[in-house]
Amino acid sequence: MQSTRETVVSRGRPVLAANWKMNLTPTEAEAYAARFLELHPPAPDRHVLFFPAALSLPAFVRATQERPDLEIGVQDVHQEMEGAHTGAVSAVMAWDAGARWGLAGHSERRREFGDDPELVGRKVERLVQAGLRPILCVGETLEERERGQLAEVLRRQIEGVLGGLAPRWRAADSAGPAPLIYAYEPVWAIGTGRTALPEDASAAHAILREEIGRFLGTQVSAEAVILYGGSVKASNIDALLAAEGIDGVLVGGASLDPEEFAKICRANGASRSGERAP
Ligand code: PGA
């Protein structure tokens with residue numbers, strides 16, 4: 001059943017992703033699943049993804065096994081596949097437990113655990129090796145934004161990952177075994193209740209698309225799926241998805257309540273620059 005959960009995404013079919021962070025125990029994840037399944041019937045015109053905590057992931061996979069339309073990912077993996085790394089989770093373990101997606105570079109990992117661009121690049125590589133689809137998170141702090149460093153910060157974060165991986169993918173004559181998804185998450189909007197204006201998010205997405213193009217070419221960058229994250233809720237989802245270049249959202253706090261996340265998953269819009277899937 002799990003193997004039928006898909007990770008093929010394209011622009012125009014919005015991605016609605018829940019990042020539970022260090023919330024919801026295995027028991028709570030099961031209860032959440034039971035409620036969410038009632039609230040959200042399968043909807044083939046969108047992707048709904050969940051990132052439970054690693055210990056809660058198998059319980060959530062089991063509790064949703066009748067619903068392969070719900071896709072599941074791991075919040076973090078170690079940069080090695082196995083070995084003496086007490087407390088860590090590897091990409092192959094996550095895959096074996098039923099995850100098909102993986103986050104990398106979330107600002108909380110960068111800030112609290114020292115995940116620098118080089119380390120994030122290695123984690124992306126492990127995710128790809130294990131067959132997981134990475135979502136690479138990038139974004140600037142408030143100070144960086146106020147100093148006018150938005151473009152520079154996004155460039156550095158993209159370069160840290162694609163600078164190493166893109167030449168290898170090119171040598172293998174491919175844009176990557178599983179093209180990355182990106183999430184623009186301004187640090188000042190995460191968990192603060194302060195959402196970026198749709199036009200500011202669109203502007204940042206355009207910068208990101210240009211940076212992706214520098215490493216992977218214009219066709220890959222035009223097709224790249226870029227999510228927005230930072231205080232997304234049911235009341236702002238439609239405006240965000242209607243904005244130019246926003247292909248979906250990564251939701252933290254508001255995804256912890258199945259009622260609120262189900263409302264977000266009923267969102268109307270698709271990115272204006274992507275075509276709506278039939
Ligand atoms: P938030 O978190 O929705 O609670 O702001 C978003 C995220 O960190 O992915």
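A cavity is a set of grid points, taken over the protein atoms alone, where a 1.4 Å probe fits but cannot get out. By that rule, this predicted model has 1 cavity of 30 Å³ or more.

**Cavity**
- The largest cavity contains about 40 Å³ of space.
- Its lining consists of Gly105, Ser107, Arg110, Cys137, Val138, Gly139, Gln157, Glu185 and Ile190.

**Ligand surroundings**
- Lys21 places a polar side-chain atom 2.7 Å from a ligand oxygen atom.
- For His106, a polar side-chain atom likewise lies 2.7 Å from an oxygen atom of the ligand.
- In Glu185, a side-chain N or O atom is 2.7 Å from an oxygen atom of the ligand.
- The ligand taken alone exposes 280 Å², and the protein buries 95% of that area.

- Cys137 takes part in no disulfide, and the nearest cysteine sulfur, in Cys265, is 17 Å away.
- A disulfide requires two cysteine sulfur atoms within 2.5 Å; the sulfur of Cys265 has its closest cysteine sulfur, that of Cys137, at 17 Å, and is therefore too far away for a bond.
- Cys137 has a relative accessibility of 1%, so this residue counts as buried.
- Cys265 also has a relative accessible area of 1%, and is therefore buried.

Methods:
Residues are numbered from 1 along each chain as its sequence is written. This is a predicted model: local features need pLDDT of at least 70, side-chain atom pairs count only at pLDDT 80 or more; totals for chains, interfaces and linings use all residues. Side-chain values use heavy atoms; hydrogens and water are left out. A polar contact is a pair of N or O atoms within 3.5 Å; within protein, one must be able to donate a hydrogen and the other to accept it, and residues adjacent in sequence count only if both atoms are side-chain atoms. Accessible areas come from the Shrake-Rupley method with a 1.4 Å probe; for residues, only the protein chains shown count as cover. Buried means under 20% relative accessible area, exposed over 50%, partly exposed in between (1.4 Å probe, protein chains only). On a 1 Å grid over the protein atoms alone, a cavity is a set of points where a 1.4 Å probe fits but cannot get out, and a pocket is an open set with protein on both sides within 12 Å along at least five of seven lines; lining residues have an atom within 4 Å of a point. Grid points are joined across faces, edges and corners, and a volume is the space filled by probe spheres set on the points.
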